[in-house]
Each structure stands twice: as C-alpha cells, then as structure tokens.
Amino acid sequence: IFGPDNLITLATRNNLADAYSEAGRLTEAIAQFEVALADSDRILGPDHPITLTTRNNLAVAKRAGGDLTEAIALHEDTLTKRVHGLGADHPEVLATRSYLAGAYESAGRLAEAIIMYQDTLTDRERVLGPDHPDTLTTRHNLASAYMTAEEWSLAERTLRAQIARLRRAPGRPAPRRCGCG
C-alpha cells in the first residue's frame, strides 16, 4: 500500500534501526540507518528534518560502535544543516550540539567537548531555563568532561551547581550520563 518511498516506510525503517540499536545489535542498526538515510536524502532531501534526525541517529549508532570519526562528521554535518534551517537557539540545534560534544569527548577531544558543553549549557539555560531536564543533563555531562580532563575544581563547582539546581527542582529524575540530548 505505502511503497518504499512513503514517509511511513521511512519512519518504520528508522524505528527498526532504533530497535536494533537499543538491543545492542549495532551492525544491524547501522545498516538500517544507512539505508534509511540514503532513502531520506533521495526522497526528502538532505536538509529535511526527518533526514537530519536519521543522520543524527546514525551518528549515535556509529559512536556506540566505536567509529568516532564518522560519528563526529555526521554530527557536524547535522549541526550545520540544523543551524541553517532552524537557527542557533532551536532546541534541536542545542541537542545536536550536545551529541557532538559527547562524540568529541569519546574521541578524546576534551578541549573541544568542554567548550561545546559550556556553550550549550549557557544557551540551554537562556533558551530552556536552568532547571530544564536538557539543561541539567548538559551540566552533568560538562562536569563529567571536566573530571575526564582532570579539571577537579571545575568539576566540583559544576557538580555543586547541579546539586543546587536539583534541590530546586524536586521530583525530577537525576540526569543520566549519556552525551546526548
């Protein structure tokens, strides 16, 4: 009924890739994301939101699979396209920046990761508010990057600020370390 070029088919392929990824079947996930990305690029174009989400998902799977060079390239491309289409302050742009910072951190590019986390934190505080879950996650990831870089005083200061924010925002779950969102 829908055919290979239908949006429902594209979404289903992306969801299948997500399911493989969640199940730890990264080789299958990456293969599905690559097909989904090629189809989205062809059908919707490289700047379409669905294509950009698929590109980001492929980058996350590549990072999980250890292909950090490709993950970073995909995240950087996604970021450029999202900034161009949505503007620098859009929540999707901020999420992509956080993903890219996590990929930089995984690749040992700590200085770049820290700068990106700092800038993303500043922008998320301004755009989403200091107690928004995405802001809290970014602050937590920044503190972790400081610890990886052995910047103990900055890590402590950031974690203390995080604790203060979490005390002001009762009922919210603690952010998880994921390098995402």
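A search of the whole structure finds 17 salt bridges, where a salt bridge is a side-chain nitrogen of Lys or Arg within 4 Å of a carboxyl oxygen of Asp or Glu. The model is predicted, so local features need pLDDT of at least 70 and side-chain atom pairs count only at pLDDT 80 or more, while totals for chains, interfaces and linings use all residues. Residues are numbered from 1 along each chain as its sequence is written, and side-chain values use heavy atoms, with hydrogens and water left out.

As a general point, side chains of opposite charge can pair when their charged atoms come close. Let me take three of these pairs in turn.

One of them joins Arg-25 and Glu-28, with N to O at 2.6 Å. Arg-25 is partly exposed at 38% relative accessibility, and Glu-28 is likewise classed as partly exposed, with a relative accessible area of 33%. On the scale used here, buried means under 20% relative accessible area, exposed means over 50%, and partly exposed lies in between, for a 1.4 Å probe and protein chains only.

The next pair is Asp-39 with Arg-42, whose side chains meet at 3.4 Å, N to O. Both sit in helix H2, residues 26–44, and because they are 3 residues apart they are separated by about one helical turn. Helices here are DSSP runs of H or I with at least four residues, strands are runs of E with at least two, and both are numbered from the N terminus.

Arg-165 is partly exposed, at 22% relative accessible area.

I turn now to helix packing. Two packed helices are described by the angle between their axes and the distance between the axes. The axes are lines fitted to C-alpha atoms, for helices over the stretch in contact, and the angles run from 0 to 180 degrees between N-to-C directions.

Helix H5, residues 91–106, packs with H6 at an angle of about 160 degrees, and their axes are 8 Å apart. The two are therefore roughly antiparallel, given that angles over 145 degrees count as roughly antiparallel, under 35 as roughly parallel, 65 to 115 as roughly perpendicular and the rest as oblique. The crossing of H5 and H6 is left-handed, the term for a near helix turned anticlockwise from the far one by less than a right angle, with clockwise being right-handed. The residues of this contact divide into 10 nonpolar, 3 polar and 6 charged. In that scheme Ala, Val, Leu, Ile, Met, Phe, Trp, Tyr, Cys and Pro count as nonpolar, Asp, Glu, Lys and Arg as charged, and the others, Gly among them, as polar.

What angle do H6 and H7 make where they cross? The axes of H6, residues 110–127, and H7, residues 133–148, come within 9 Å and cross at roughly 155 degrees. That makes H6 roughly antiparallel to H7, and the crossing is left-handed. On the H6 side, the residues in contact (heavy atoms within 4.5 Å) include Leu-110, Ile-114 and Tyr-117, and on the H7 side they include Leu-142, Ala-145 and Tyr-146. This contact divides into 7 nonpolar, 6 polar and 4 charged residues.

Arg-82, in helix H4, residues 68–86, is buried, with a relative accessible area of 5%. Leaving aside neighbours within four places in sequence, its contacts include Pro-49, Asn-56, Glu-92 and Thr-96.

Leu-159 is placed in helix H8, residues 152–168, and is partly exposed at 28%. Not counting residues up to four places away in sequence, Leu-159 touches Ala-143 and Met-147. Its C-alpha atom is separated by 7.9 Å from that of Arg-139, 20 residues apart along the chain.

Finally, most residues other than glycine have a negative phi. Glu-150 has a positive phi, near 60 degrees. Glu-150 lies in the loop between H7 and H8 and is exposed, at 56% relative accessibility.
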